[in-house]
Amino acid sequence: MTTSACLIGAGESPYTRHPEPGATTSHVLVDAVRRALADAGLRSTDVDGLGLCSFTLGPDHAVDLAWRMGLRLSWLMQGTNGGASAGSMLQHAVRAVESGDASVIVLVAGDRMDAVAFADLVAQYNRATAEHLTPLPMAGPNALFAMQTQRQMAATGLEAADYGRLVVAQRQWAALNPGAVYRNALTLEDYLNAPVVAPPLGRYDCVPPVTGADAVVVTSEDRAGSAPRVRVRAVVARYNVDDQSGPGLRSGLEVCADELWDTAGLGPDDAQVVSVYDDYPSMVVAQLVDLGLVGDRPLAGFLRDRVASRELPVNTSGGQLSAGQAGSAGGMHGLVEVTRQLMGRAGERQVEARIGVVSGYGMVLYRFGSCANATVLEAAA
Amino acid sequence: MSVDVQVCRTCSTRWFPHRLLCPSCGGSSLAPTHEEVGVVEESTTLAGGVVVATVRVGPDVRLVARLHGAAPPGSTVPVTHDPADERRPRAHVPHPDYREKTTHE
């Protein structure tokens with residue numbers, strides 16, 4: 001059965017590679033909240049639920065942010081799942097508005113992610129990282145996903161140019177998004193000749209850390225009334241599906257995709273706009289496969305003929321690879337983008353779509369990510 | 001000159017990094033076992049020349065290690081927690097307890 005929750009607003013605090021001294025994490029989070037509420041035509045006094053995910057808000061927590069924004073709440077949560085935070089918080093928020101625990105929930109994620117914050121984050125990401133990876137030395141997950149990409153290339157036959165077409169296609173979308181940090185043209189030749197980061201990964205395979213935040217407003221169909229809205233038809237999540245023991249070629253969505261589409265009453269071929277978590281191109285591939293979007297089609301041909309051609313619009317903001325990765329906002333970025341698309345508020349990059357799907361992926365425990373979720377959304381007038 | 005892989009005393013499944021309960025059977029009796037060698041599955045090179053590899057020990061435990069010396073995929077290498085180990089090639093797997101252990105030995 002589909003949910004009775006919907007999204008009525010989305011906002012993004014502008015991404016930047018070089019934050020001003022005053023651009024604190026709390027400031028970008030609040031900026032995103034204000035923009036999402038304005039998009040929904042609401043004021044902060046209308047909010048009675050808040051979900052927050054941030055790597056760098058400390059020592060403050062979600063309730064501190066609520067206090068400093070003057071929010072009086074009946075529902076509050078703090079997510080910790082990074083690139084999977086949007087879907088995991090949305091899963092909770094949907095149940096909260098359905099049960100009546102809250103009527104208007106803002107979900108927000110973001111970080112001031114300058115060079116120091118990024119270095120601290122990746123060095124102490126979790127105990128396994130701090131004890132067994134950082135001392136290698138390894139500063140971030142590039143090497144892990146370089147090896148994962150090697151395994152994926154061996155298993156699928158994909159070549160560098162196949163990943164390059166994804167990256168170039170996202171850059172072409174980014175050129176239409178004034179909020180993307182990298183909008184200049186990128187050719188396949190540029191991609192293939194880029195400086196090497198960790199073979200086979202080059203510069204354009206790795207997300208640029210940025211400062212920024214994203215937010216959405218969740219409410220019930222009853223509360224939304226006739227307002228412009230996007231229905232949440234289904235949201236599913238899985239955590240730690242393989243104990244980090246496998247090759248890491250799947251995202252975790254492969255075990256819940258059937259549940260996702262069955263609950264939504266739809267199938268993968270109904271998707272008309274897609275945002276998949278793109279920390280690396282190999283994970284775009286994994287999620288497209290796991291969501292059932294590729295189906296029986298040859299994989300390289302699907303990437304070229306469906307994705308690069310824009311027959312299936314994927315990561316229309318430019319994705320994190322071109323728009324930037326604002327810390328824990330990484331997963332929320334795709335939810336904001338598909339919400340905007342389905343509400344007809346995507347500007348020059350607007351596509352014709354009634355059904356969208358968003359996936360999140362994140363929290364590298366030792367060798368690859370451990371959290372995955374997906375949401376099917378439907379435009380409603 | 002080895003790596004401490006965890007083995008479940010109930011079902012014999014092995015794990016690294018160490019777990020709190022056995023993910024296979026739920027057992028709480030987990031003990032370290034010493035692995036001497038592993039097989040390089042793939043590797044990549046970071047800035048500064050640091051070579052990072054996936055190294056399989058036994059049938060199904062995969063370590064993330066730093067390679068010292070040439071060790072192409074498929075080759076068998078010694079695995080060690082010891083940062084003072086100077087064998088080449090070798091796969092070094094950092095462990096926070098190791099320096100303390102060597103002091104006591």
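A residue is called buried here when its relative accessible area is under 20%. By that cut-off, 61% of the 381 residues in chain A of this predicted model are buried.

## Dimensions and secondary structure of chain A

Chain A holds 14 helices and eleven strands. Its C-alpha trace spans about 50 × 45 × 40 Å along the principal axes.

## Surface and charge of chain A

The accessible surface of chain A is about 13,900 Å², and carbon and sulfur atoms contribute 51% of that area.

Chain A carries 29 positive and 40 negative charges. The mean position of the positive charges and that of the negative charges are 4 Å apart.

## The sheet of chain B

In chain B, three strands make up an open sheet with antiparallel pairing, in the order β2-β1-β3. Strands β2 (14-15) and β3 (30-35) of chain B are the edge strands; each has a single partner strand, so one side of each lacks a neighbour in the sheet.

Strand β1 of chain B covers residues 3-8 and is joined to β2(B) by two bridges, the two strands running antiparallel. Across this pairing, B:Gln6 stands opposite B:Trp15 of β2(B).

Conventions
Residues numbered from 1 in each chain as written. Chains lettered and ligands numbered in written order. Predicted model: local features only at pLDDT ≥ 70, side-chain atom pairs only at ≥ 80, totals over all residues. Heavy atoms only, no water. Pairing = 2+ DSSP bridges. Helix = DSSP H or I, 4+ residues; strand = E, 2+ residues; numbered from the N terminus. Buried < 20%, exposed > 50% of the residue type's maximum accessible area, 1.4 Å probe, protein only. Areas by Shrake-Rupley, 256 points an atom, 1.4 Å probe, with all protein chains shown as cover. Lys, Arg positive; Asp, Glu negative; His and termini not counted. Charge placed at Lys NZ, Arg CZ, Asp CG, Glu CD.
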